[in-house]
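Thank you all for making time this morning.

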2 protein chains.
Amino acid sequence: MELLSSTKSFGGWLKRYRHESLSVKGEMTFAIYLPPQAETQTVPVLYWLSGLTCTDENFMQKAGAFRKAAELGLAIVCLDTSPRGTEYPNEHDSYDFGSGAGFYLNATVEPYSNTYHMYDYVVQELPHLIETNFPVTDKRSISGHSMGGHGALICALKNPEKYQSVSAFAPIVNPTNCPWGEKAFTGYLGEDKAAWNEWDATCLVESQIESASERLPLFIDQGEADNFLAEQLKPDALETACEKTGHPITLRRQPGYDHSYFFIASFIDEHLEFHSTALS
Amino acid sequence: MELLSSTKSFGGWLKRYRHESLSVKGEMTFAIYLPPQAETQTVPVLYWLSGLTCTDENFMQKAGAFRKAAELGLAIVCLDTSPRGTEYPNEHDSYDFGSGAGFYLNATVEPYSNTYHMYDYVVQELPHLIETNFPVTDKRSISGHSMGGHGALICALKNPEKYQSVSAFAPIVNPTNCPWGEKAFTGYLGEDKAAWNEWDATCLVESQIESASERLPLFIDQGEADNFLAEQLKPDALETACEKTGHPITLRRQPGYDHSYFFIASFIDEHLEFHSTALS
């Protein structure tokens, strides 16, 4: 791991690193915020998955999360939204596919299947790297925004034993049934839609692969003035699936809020409190 | 005024506007955060002056100030760091002169003297515009970062009757005696250094144009790991001038903190509390 920068904030340290990832067969950059408590003890970790076009930097710069994380003694890890450094056909042509748009899945269509293994990176490689190299416990929670909210939901629903809690801001909850998801899943997973369902939070809740006792409650905030609400995000689909199968969900519709980090910042403290309670 | 965007955050609204400025003879963009209290009453205003290369957006996106502003019932106004839209010689060649680097003074050297009147804009035109068009009181405070810290200090020192309080993060306190200031003042004010002193916070404190009863206490945070500390910022010069003349100053040296918004975010709540107390 190569340390890229180290910046003090709220008594803790924001550190950015570059490392060679086995999952994506190339260099990846991540950032970790270590609260002041990490100087003398191990702390639990919240993983944050960002949305389309983002890198590890957006959340750290704009969410205003460090004050509360420093108060709670919570580390936060942010990662990039795709592998970088390749030149596949169409990889850099649009904001919603390829670079900056890895969708936190394991691609099966060539050439993306060679390196776009963001799911393995999030669920396996990165926690191992973090827990080996930093003063953290093995207690993990996960959250994210938009495409990253989708990522947080599928990672937690597929691995409830790995996470203490999950939350999301304005997540894509039903990617098999919206333009962003259909484009990405076609490109990464192919035309056969049967293969898509295991990467769709609503389908995962409907199929209930976990037993009732293992089910992680879903905590979601959605702005009602979000431009992407009706066409891309459709939280009603997930809510309906949860009602049908008895999966616990708290979906808060926030009047007047849009899709931006100004919305995330407004409610991040409550998400950090929610995760901290589950992690302690 | 043309409304560019309106975004809900912490129950209040961040609004960006474009307007035709008389001071700088061209279009200017500013942003105002109106806390929830502004829906039913008038609120006081903190003016924020940003540093080199910034626009009205940096503070609003990165300082994490809205939570506390919403709690205190404080409006925040952010403006651009220079006039825009002209094509003067060397205006866009460097980050520390011309566009993005107006230094909050009134230029006297042609062609900058035609439009670079940021001091008039900050002290006269913008408060008039804000107080005419928004639900605010005529109580004002002022703060800023780096070049904007310099701006806040000179605006308050030259007009103690216009502001209830002043603070700064990592300000350029003695621009007549550092490379950033010397370059800018030569370009905007000319070679005659006698004309520079009225735009230098340390010189203004030394000359004490205001009476003792009018003196606004200076509240300054400075990171000790700031890359620009020794060569450009030199807070000791201002501290010495204050000691010599009895001007009240609180200069806090913060160990480990750098020049970034991660530093500002760490202490912005205390600055907002300081201003709110003075404004109420």
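How many residues from chain A and from chain B does the contact take? Before I answer, please keep in mind that what you see is a predicted model. The contact takes 22 residues from chain A, and from chain B it likewise takes 22 residues. If we turn to area, chain A and chain B bury about 1,800 Å² between them, and 58% of that lies on carbon and sulfur atoms. On the chain A side, the residues that lose the most area to chain B are Lys8(A), Gln61(A) and Phe262(A), which together make up 35% of what that side buries.

Which elements of chain A each supply at least two residues of the side that touches chain B? They are the strands β1 (2–9) and β2 (12–21), together with the helices α1 (57–62), α2 (66–72) and α10 (261–279). The largest share comes from α10(A), which gives five residues to the side of chain A that touches chain B. Sorted by class, that side of chain A has ten nonpolar, seven polar and five charged residues.

Let me move on to the salt bridges over all chains, where the count comes to 34. Glu57(A) counts as partly exposed, because its relative accessibility is 32%.

In chain B, the side chains of Glu71(B) and Arg67(B) meet in a salt bridge at 3.9 Å, N to O. Both residues lie in helix α2 (residues 66–72) of chain B, four residues apart, which is about one turn of the helix. In general, an α-helix has 3.6 residues a turn, so residues three or four places apart point the same way. Glu71(B) is partly exposed, with a relative accessible area of 49%, and Arg67(B) also counts as partly exposed, at 21% relative accessibility.

Another pair in chain B is Lys244(B) with Glu206(B), where the closest N and O atoms are 4.0 Å apart. Here too the pair links distant parts of the chain, with Lys244(B) in helix α9 (residues 235–245) and Glu206(B) in helix α7 (residues 201–207) of chain B, 38 residues apart. Lys244(B) counts as exposed at 62% relative accessibility, while Glu206(B), with a relative accessible area of 40%, is partly exposed. Elsewhere, salt bridges that share partners join Arg67(A), Lys68(A), Glu71(A), Asp269(A) and Glu273(A) into one network.

Is α5(A) largely enclosed by the rest of the structure or largely open, and why? Twelve of its twelve residues are buried, so α5(A) is largely enclosed by the rest of the structure. Among those buried residues are His150(A), Cys155(A) and Lys158(A).

Conventions
Residues numbered from 1 in each chain as written. Chains lettered and ligands numbered in written order. Predicted model: local features only at pLDDT ≥ 70, side-chain atom pairs only at ≥ 80, totals over all residues. Heavy atoms only, no water. Contact = heavy atoms within 4.5 Å. Buried area = accessible area lost by both parts, 1.4 Å probe. Nonpolar A, V, L, I, M, F, W, Y, C, P; charged D, E, K, R; others polar. Buried < 20%, exposed > 50% of the residue type's maximum accessible area, 1.4 Å probe, protein only.
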